[in-house]
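Me: I'm new to reading protein structures. Can we walk through this one together?

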Amino acid sequence: VIRGTGLFQALDGIGVHEVIIESPAHDRDLGDLSLDHVREVVGVYRDRARSIAAEPQYRYVQIFKNKGPEAGATLSHPHTQILATPIVPKRVREEVESGERSWRADGRCLYCRIIGEEETAAERVVRGSGPFMAFVPFAARFPFETHIYPKRHAPSFAGIDDRELDGLAEILRDVLGRLKTVLSDPPYNLVVHQAPHPDSTRVEWPEIESFYHWHIEILPVLTKIAGFEWGTGFHINPISPELAARFLREA
Ligand SMILES: [Zn+2]
Ligand SMILES: [Zn+2]
């Protein structure tokens, strides 16, 4: 599906773009909804991800949410978007490749290891009970960046079962509520990272089931990406992850 030869290549314009309207209420964000309602929304995420993943021309299914104009939202009504792309995106490729390197070195899933290390250290954990863990990563790029990992090793969000969806709704609502309380309703981006379509991993990463672990990243928009970040790919984060986690934990 890549067109062009030589130096310049372009993607064909195929893909999927869906908008999930989370509720009829214009002024209630995902975290403000009842638990049953959030469960219904994440159930729609799962069902749409499964259905799009059934089509092999879509190599990656990206579920994401932009809340607030500073986070890129062009609709103010609460919504989530799903885009499917005909190639594996660069950011996902980087995660898959670092997961593979780590797994080749010690035979363990990097993400499962992170869960274990964070549980032991405890200082960056926002919420650790239940089937999911929420924490501020050791090298958080943004203030109050919070990740949610399922404790059960699984490469793909589309494979999540009904019971896990209950747990996901619970922790997602909890974490969004904490961010809202601590940061006074901040703009944020939320992204789900999961394994690409099996047709694109079979050759390149045949053992991906062992080393990739789906997760959610929530990125409050409190700082701007500027010259240093664009130039280097490094991020300047003015608050330590331990302190951010403590504020969220105690909220
Ligand atoms: Zn894992
Ligand atoms: Zn990720």
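Reply: Helices (H or I, at least four residues) and strands (E, at least two) are DSSP runs, numbered from the N terminus. This is a predicted model: local features need pLDDT of at least 70, side-chain atom pairs need 80 or more, and totals for chains, interfaces and linings use all residues. Residues count from 1 along each chain as written, chains are lettered from A and ligands numbered from 1 in written order, and side-chain values use heavy atoms, without hydrogens and water.

Me: Ok. Where is Thr181 found?

Reply: In helix α4, residues 162–183.

Me: Is Thr181 buried or exposed?

Reply: Exposed, because its relative accessibility is 59%. Buried means under 20% relative accessible area, exposed over 50%, and partly exposed in between (1.4 Å probe, protein chains only).

Me: New topic. Which residues are the protein donors of the zinc ion (ligand 1)?

Reply: Cys109 (SG), Cys112 (SG), His153 (ND1) and His213 (ND1). They lie 2.0 to 2.3 Å from the zinc ion. Donors are N, O and S atoms within 2.8 Å of the metal (3.2 Å for Na, K and Ca); water is not among the atoms, so sites may look incomplete.

Me: And what is the geometry of that site, with its 4 donor atoms?

Reply: Tetrahedral, with angles of 105 to 114°. Four donors get that label if all angles lie between 85 and 135 degrees.

Me: How are the donor residues of ligand 1 spaced in sequence?

Reply: As C-x2-C-x40-H-x59-H. Cys109 is in the loop between α2 (90–106) and α3 (110–121). His213 is in the loop between α6 (208–211) and β10, 104 residues apart from Cys109. Both Cys109 and His213 are buried.

Me: Where does Glu217 sit?

Reply: In strand β10, residues 215–220. Glu217 counts as buried because its relative accessibility is 2%.

Me: Which side chain does the side chain of Glu217 make a polar contact with?

Reply: That of Arg141, at 2.9 Å. A polar contact is a pair of N or O atoms within 3.5 Å; within protein, one must be able to donate a hydrogen and the other to accept it, and residues adjacent in sequence count only if both atoms are side-chain atoms.

Note on methods. Tetrahedral: all angles 85-135°; square planar, octahedral: opposite > 155°, others 65-115°.
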